Amino acid sequence: MRLTRRGWAVVATAGGAVALSWRFGPRALNAVVVPLVIVLLAGLVTVGRADRPRVTRQLVAEGFVGEHRTVAVTIETDSPLAATVSDAVGEGLSAATRPVAAITLEGEQTVTYDIELAHRGRHRVGPLEIVVSDVVGLVERRFEFTDRRPVLVYPQVHEVGRGAADELQALVGITEHREHETFDHLRDYHRGDPLRDVHWKSAAKRPDGDLLVREYDESEGSTAVTVAAECVAGRDDELATAAATVVTVLLERGLSVGLVVPDGNVPPEAGREHHRALLGLLAVVDAGELDERTRRAADVVVRTDTDGTTIVADNRELPFDEFASGDHPGVTI
């Protein structure tokens, strides 16, 4: 607990009034000093008796580079307190709105601000600081909360043309096999779902016109494809973007996709949760090279060096710049 600048000004004023009382008498002391002292003592008592606020951080949803997310912190107090709440925004994130709020805390209250996901990786928001003060602002007390909330930022995923997706599918020897799978149920369409899975008849009967997509029984299995990704030092962001685009395209084609990088791997599977697992690995991938055995075992190799990124499949190379259109719409996962 400490005095603010305004509090020290009150102390200085009171001290000056005491000095003047020697010249003009004690009435001057009573008229000026007593009210100031009462206000200062009231502030000391109010702030000194304040209990430590209780803070609960809400989860921050993962997302792609360039997207925005809301950070929410719930603060609970037993009595009304004037406070300034400020949160720290970690490296790799940037504050889209100010992470500082001057508010009156009373009961349970939620403070929010927005952040931009600036760089891929696993970042954090926090620690939080709450400075409470008396109503006049003479005395303040600082509370620090060391809890931090992780924020996972996926690499960008670029849009690719139909021809590029078909060429990649042909290079890895993938054939359509939906007729052999077992239909399970219908669900709402999400961006990135293959249009061949849209159930047009059911969609036409809906008054809102929203699309419905056929879901298949994943226990039946599907064609498995393994993607290996490697790069030279300093090009890991470029690699992550290219590999994220490739695995997304293959998953959208209805395939089971695995991923191998120098510092980890995810076995082939399909589905939305698996997509998140692949993107999560690419969010934190570092530069490095794979051994020759791993390269040969992979169906697709994404390689980034000083000359750029290439996609290698069936002994053919496809420059990533020609494969991707350059747009990154933000895949729904």
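Modeller: Arg 122 stands opposite Leu 152 in β9. This is one spot in the pairing of β7 with β9, which run antiparallel and are joined by five bridges. Strands pair here if DSSP finds at least two bridges between them. Strands are DSSP runs of E, at least two residues long, and helices are runs of H or I, at least four long; both are numbered from the N terminus. β7 spans residues 121-133, and β9 spans 149-154.

A word on the source. This is a predicted model, where local features need pLDDT of at least 70 and side-chain atom pairs count only at pLDDT 80 or more, while totals for chains, interfaces and linings use all residues. Residues are numbered from 1 along each chain as its sequence is written, and side-chain values use heavy atoms, with hydrogens and water left out.

Back to β7. What else does β7 pair with? Strand β4, residues 68-89, is antiparallel to β7 and joined to it by seven bridges. There, Ala 82 has Ser 133 of β7 as its bridge partner. Strand β8, residues 139-145, also pairs with β7 in the antiparallel sense, over six bridges. Val 131 meets Arg 142 of β8 in one of these bridges. β7 and β8 form a hairpin with five residues between them. Gly 137 sits in the turn, with a positive phi of about 85 degrees. Strands of a sheet pair through backbone hydrogen bonds, either parallel or antiparallel.

Pro 127 lies in β7. The bond between Gly 126 and Pro 127 is cis, with omega of about 5 degrees.

Now follow the packing from β7 to a helix. What do the buried residues of α6 pack against? The list is β3 (63-64), β7, β9, α5, β13 and β14. Buried means under 20% relative accessible area, exposed over 50%, and partly exposed in between, with a 1.4 Å probe and protein chains only. The buried residues of α6 include His 274, His 275, Leu 278 and Leu 279. Gly 280, Leu 281, Leu 282 and Ala 283 are also among them.

How does α6 meet α5? Their axes come within 10 Å and cross at roughly 170 degrees. That makes α5 roughly antiparallel to α6. Angles under 35 degrees count as roughly parallel, over 145 as roughly antiparallel, 65 to 115 as roughly perpendicular and the rest as oblique. Axes are lines fitted to C-alpha atoms, for helices over the stretch in contact, with angles from 0 to 180 degrees between N-to-C directions. From α5, the contact uses Ala 240, Ala 243, Ala 244, Val 247, Thr 248 and Leu 251. From α6 come His 274, His 275, Leu 278, Leu 279 and Leu 282. Contact means heavy atoms within 4.5 Å. The contact residues divide into eight nonpolar, three polar and no charged. Ala, Val, Leu, Ile, Met, Phe, Trp, Tyr, Cys and Pro count as nonpolar, Asp, Glu, Lys and Arg as charged, and the others, Gly among them, as polar.

Of its 17 residues, 14 are buried, so α5 is largely enclosed by the rest of the structure. Gly 254 follows α5 and has a positive phi, near 85 degrees.

β13, residues 256-261, runs antiparallel to β14, and four bridges join the two. Val 260 stands opposite Asn 265 of β14.

Last, the whole protein. It has eight helices and 17 strands. Of its 333 residues, 44% count as buried.
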